[in-house]
Amino acid sequence: MLHLRVIAPADQSSAVTDLLAADPGVTHLVVLPGAARQPAGDYITCDVVRESADGVLSRLQELGVEAHGAIAADDVELTLSEAADRAADEAPGHGEDAVVWDEIAAKTGEQTVLTGTFLALIVVATMIAGIGVLLDQPILIVGAMVVGPEFGPLAALCVALLRRQPRVAGRSVQALTVGFVVAMVVTVLSTWALTAAGLVDRDMLLAKRPMTDFIWRPDALSWVVGLLAGVAGMLSLTSKKSGSLVGVLISVTTVPAAANVAVASAYGVWHEAAGSALQLVINLAAIVLAGLLTLVVQLCWWRHVARRAPHAVPQQRTDRRADHRPDAVSASRHPPRDAG
């Protein structure tokens, strides 16, 4: 369930209140006339079950509430209310299956910016994985997977492709491309530095590494693992499961391969570098494809649920335009969508 807070201009307050009161998934509706000061208007709050949230948010934006007012939503961790139970029963479908597109856009939109923190994390993760490759230590590989931050831009790319938002997709690709390139270059330099210090050497890379040699030998299973990781990652994002843990699964197919590209390049073992690069490309493509298909399936399923519901619930929209600013997600809803 989401707690919705709306500041509605006086001339729109009645329409907003009627809209919320008419939806079976809305409960705990409170209207405080004239309570809002900046922006000025009526302060309206309610709780809405996730199954109805996307339709409610869509209709509020169609009224243009956000142009002169505001719309905000937070998760409700605990609700003890028979009215809330009735709303959940009357709304179509199940909360875990519902996708609130504005919420997904907010989660992923913030992760498309190429920040210093993102670069630092992906560099550290790749350096750790590079040492893990040379030592053939799965523990270090797992540690690098925990640190890896690439799940955010990958998820944002899937959402942007579905909603046909080329600007957001471009920022996601930029973050991933620059992030991995910088991480691999720094890992090459760190490998040379460790070699000069006598801590590692080329023979470690050429020795048998039964625990980590899968990283540079792509095969059909690489594609399968990437697809499964993409499905798991997108489901974790849309169903509010533990995204951090699923991000580890995403990293198992990306960060170690990037690290092996860097280490093998540092020692001039080009066939292994090429294999690792191919592994990285295959896995990234599989993750994006699987994530996009997962979103499409969820969208189609929810539309099917909405059509069969006794109450008319508008179909979830996926073409609302995200704002071009990286730190804003829900402004400028009404201009035509970006041309793909």
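**Notebook: cores and helix pairs**

I began with Leu-295. Not counting residues up to four places away in sequence, Leu-295 touches Trp-101, Cys-158, Val-159, Leu-162, Met-234 and Thr-238. I count a contact when heavy atoms lie within 4.5 Å.

This is a predicted model, so I noted the limits: local features need pLDDT of at least 70, side-chain atom pairs count only at pLDDT 80 or more, and totals for chains, interfaces and linings use all residues. Residues are numbered from 1 along each chain as its sequence is written, and side-chain values use heavy atoms, with hydrogens and water left out.

**Cores**

I looked up the largest nonpolar core next. It has 52 residues, and Phe-180, Leu-205, Tyr-267 and Leu-295 touch the most other members. A nonpolar core here is a set of buried Ala, Val, Leu, Ile, Met, Phe, Trp, Tyr and Cys residues joined through side-chain atoms within 4.5 Å. Buried means under 20% relative accessible area, exposed over 50%, partly exposed in between (1.4 Å probe, protein chains only). Helices supplying at least two residues each include α5 (101-109), α9 (166-196) and α14 (270-308). Helices (H or I, at least four residues) and strands (E, at least two) are DSSP runs, numbered from the N terminus. The largest share, 9 residues, comes from α13. Another core lies apart from this one; it has 17 residues, among them Leu-19, Ile-44, Val-48 and Val-65.

**α8 and α9**

I checked this pair for axis geometry. The axes come within 8 Å and cross at roughly 155 degrees. Axes are lines fitted to C-alpha atoms, for helices over the stretch in contact, and angles run from 0 to 180 degrees between N-to-C directions. That makes α8 roughly antiparallel to α9, a label for angles over 145 degrees. From α8, Pro-153, Leu-154, Ala-156, Leu-157 and Ala-160 meet Val-168, Ala-169, Ser-172, Val-173, Ala-175 and Leu-176 in α9. By class I find 10 nonpolar, 1 polar and no charged residues. Ala, Val, Leu, Ile, Met, Phe, Trp, Tyr, Cys and Pro count as nonpolar, Asp, Glu, Lys and Arg as charged, and the others, Gly among them, as polar.

**α6 and α7**

These helices pack at about 170 degrees, with axes 8 Å apart. They are therefore roughly antiparallel. Their contact residues divide into 12 nonpolar, 1 polar and no charged.

**Thr-45**

Thr-45 is buried, with a relative accessible area of 10%. Leaving aside neighbours within four places in sequence, Thr-45 is in contact with His-3, Leu-4, Arg-5, His-28, Leu-29 and Val-30.

Key:
Parallel < 35°, antiparallel > 145°, perpendicular 65-115°, else oblique.
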